[in-house]
Amino acid sequence: KGITWYLINDLKRVQHICQAVSPEWQKSCFSNASQEIIEEGGGARASVRRAVAFCDEAGTSISKDCVGQLLRQAGYFSEKGSAARSSYCSQLPLQQNESCLEMAHQ
């Protein structure tokens with residue numbers, strides 16, 4: 001996760017690093033980087049969109065897990081029923097929207 005923090009503004013480089021590691025570590029690399037994108041952006045709409053786009057760069061099987069990790073982050077940034085939660089969840093792919101809106105605050 002530390003590497004992605006240092007390179008958060010150079011996501012193409014982070015993507016290349018994540019793709020270069022062994023297949024069993026790629027999921028963790030993409031998921032950690034996507035979380036870092038949101039943490040650095042404080043959960044703002046632009047950071048969520050950026051994180052989802054980064055997950056999409058991972059490829060189909062990893063992308064699904066990566067976005068799932070973003071779904072779990074919803075409770076960290078906003079309370080259930082809040083405008084912030086609606087804003088966060090609206091940036092996730094449609095199939096995660098309902099689950100996102102229902103996540104408990106952590």
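**View 1. L71 and its contacts.** L71 touches L92, Q96, S99, C100 and M103, leaving aside residues up to four places away in sequence; contact here means heavy atoms within 4.5 Å. This is a predicted model, in which local features need pLDDT of at least 70, side-chain atom pairs count only at pLDDT 80 or more, and totals for chains, interfaces and linings use all residues. Residues are numbered from 1 along each chain as its sequence is written, and side-chain values use heavy atoms, with hydrogens and water left out. L71 itself sits in helix α5; helices are DSSP runs of H or I with at least four residues, numbered from the N terminus. At 14% relative accessibility, L71 counts as buried, where buried means under 20% relative accessible area, exposed over 50% and partly exposed in between, using a 1.4 Å probe and protein chains only. Look also at L71 and Q96: they are 25 residues apart along the chain, and their C-alpha atoms are separated by 6.9 Å.

**View 2. The two sides of helix α8.** Which residues of helix α8 (residues 94-102) are buried? They are Q96, N97 and C100. These residues lie on the same side of α8, because they cover an arc of only 125° around the axis; the arc is that of the directions from the helix axis to the C-beta atoms. On the face turned away from the buried side of α8, you will find the exposed residues Q95, E98 and E102.

**View 3. The disulfide between C89 and C100.** A disulfide is counted when a pair of cysteine sulfur atoms lies within 2.5 Å. The torsion about the S-S bond of C89 and C100 is about -80°, so this disulfide is left-handed. C89 lies in helix α7 (residues 83-90) and C100 in helix α8, so the pair ties together parts that are 11 residues apart in sequence. Both C89 and C100 are buried.

**View 4. The other disulfides.** How many disulfides does a search of the whole structure find? The search finds three. One of them is formed by C18 and C29, with sulfur atoms 2.0 Å apart. C18 belongs to helix α2 and C29 to helix α3, so this pair ties together parts 11 residues apart in sequence. The C18 and C29 link is left-handed, with -75° about the S-S bond, and both cysteines are buried. C55 and C66 form another disulfide, again with sulfur atoms 2.0 Å apart. This pair links distant parts of the chain, from C55 in helix α4 to C66 in helix α5 (residues 60-72), 11 residues apart. Counting bonded cysteines along the chain, the pattern is 1-2, 3-4, 5-6.

**View 5. One aromatic pair.** A search of the whole structure finds one aromatic pair. Rings of Phe, Tyr and Trp (its six-membered ring) pair if their centres lie within 6.5 Å; planes under 30 degrees apart count as stacked, over 60 as edge-to-face and the rest as tilted. F30 and F54 form a tilted pair, 5.1 Å centre to centre with 35° between the planes. F30 is in helix α3 (residues 23-40) and F54 in helix α4 (residues 45-56), 24 residues apart. Both F30 and F54 are buried.

**View 6. Confidence along the chain.** The mean pLDDT of the chain is 82, and 88% of its residues reach 70 or more; pLDDT is the predictor's confidence in each residue, from 0 to 100. Confidence is lowest in helix α1 (residues 2-6), at a mean of 57, and highest in helix α2 (residues 11-20), at 90. Where pLDDT is low, the predicted coordinates should not be read in detail.
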